[in-house]
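Here's a quick tour for anyone meeting this structure for the first time. Have a look around before reading on.

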Amino acid sequence: MGRFWAIFFMFSAFLAVALFVVAPDNGWWFPEDGRAHTSLGQKIDDLFYLILVITGVTFVGVQIALGYVLWRGAAAGQDPQAKSQFTHGSHTLEVIWTIVPSGILLFIALYQMDVWAHYRVRTMFPKKMEAVAEVTARQFEWRIRYPAHGKKLMPTPQPDDIYTVNDLHVPAGHPVSISLRSDDVQHSFFVPLLRVKQDAVPGLVIPVWFEVNDVGSYELTCAELCGWGHYKMKARVVAESDEDFEAWKSKTAKEQFDDGFKAETKEE
Ligand SMILES: [Cu+2]
């Protein structure tokens, strides 16, 4: 039976290595070929991969060591002369397995500080950044308010502001920010492919910045169970070129302020 467990633990190590090799080609990885569509998102991914490699190597090493010890024990068990050796308390070992994991954790804690600061600390945000819109989460939708063409986003609603629901448009290729608020309970603004996630907290206006590298449409969901209709808070973030973004904005403004009256009188 000892040999069975030795093989079992060794096998799990090989299985882990095989998974590492096979997973990326089979899509068992981060969504969409494992590539984030923001520069900061790629750095966040790198941190995940680094931690995955550290834990992966540790796992494989531990399983192989465990298998080896069990195999040796099973082999020795066949020898009727072999005696068990009992040891208790090795200071050297205790110090090693305390210092090594602490060192690794400390390294990760310090190493990730830079990415975290760029993501969350306001003084570290990009200097040139366009405040695109105010996004207000409410049960159960995302209400979005944009400033009129050529104007700056104001903290309070303006008469010429443009509104959309569940449809956030941003220009791609340079840093943009949104002001995130909540109308009722706590929600979470989550765009998986951009690696952007931020809680919307009642009473707070939280700036969230990102720079979308590729033009496209990205799913936005609520990542905080906020009530019975939580599942309905599905929206999209559309990243487009500057020209397309401005064109979309003026088209939306036209539709919004059109009362249908002028168009009719023109036709006459
Ligand atoms: Cu929600």
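Predicted model: local features only at pLDDT ≥ 70, side-chain atom pairs only at ≥ 80, totals over all residues.

How many residues of domain 1 are in contact with domain 2, and how many of domain 2 with domain 1?

## Two domains

The chain splits into domain 1, made of 2-77 + 92-119, and domain 2, covering 127-257. Their C-alpha centres lie 37 Å apart.

Now for the opening question: 10 residues of domain 1 are in contact with 10 residues of domain 2. On the domain 1 side, the elements that give two or more residues are α2 (31-34) and α3 (39-77). Of these, α3 gives the most, with five residues.

## Helix α4

Next up is helix α4, which runs over residues 91-111. From its first C-alpha to its last, this 21-residue helix reaches 30 Å, close to the 30 Å expected at 1.5 Å a residue. How many of the residues of α4 are buried? The count is zero among its 21 residues, so to speak a helix that is hardly covered.

Strand β5 (residues 176-182) is a mostly covered strand, with five of its seven residues buried. A general point is handy when looking at strands: in a regular one, the side chains alternate between the two faces of the sheet.

Which strands does β5 pair with? One is strand β1 (residues 130-138), which pairs with β5 in the parallel sense over seven bridges. There, Ala-133 stands opposite Ile-178 in β5. Another is strand β8 (residues 206-210), and here the pairing with β5 is antiparallel, over five bridges. Val-176 has Phe-210 in β8 as its bridge partner.

## A closer look at Tyr-163

Let's finish with a single residue. Tyr-163 is found in strand β3, which spans residues 162-165. Why does Tyr-163 count as partly exposed? Because it has 14 C-beta neighbours inside 10 Å, and the partly exposed class sits between the cut-offs of 12 or fewer for exposed and 20 or more for buried.

Which residues does Tyr-163 touch, leaving aside its neighbours within four places in sequence? Tyr-163 is in contact with Ile-144, Arg-145 and Gln-256. Thr-55 is another story: Thr-55 and Tyr-163 are 108 residues apart along the chain, and their C-alpha atoms are separated by 46 Å.

Note on methods: Residues numbered from 1 in each chain as written. Helix = DSSP H or I, 4+ residues; strand = E, 2+ residues; numbered from the N terminus. Expected span 1.5 Å × (residues − 1). Contact = placed C-beta atoms within 7 Å. Pairing = 2+ DSSP bridges. Domains from an automatic or database assignment.
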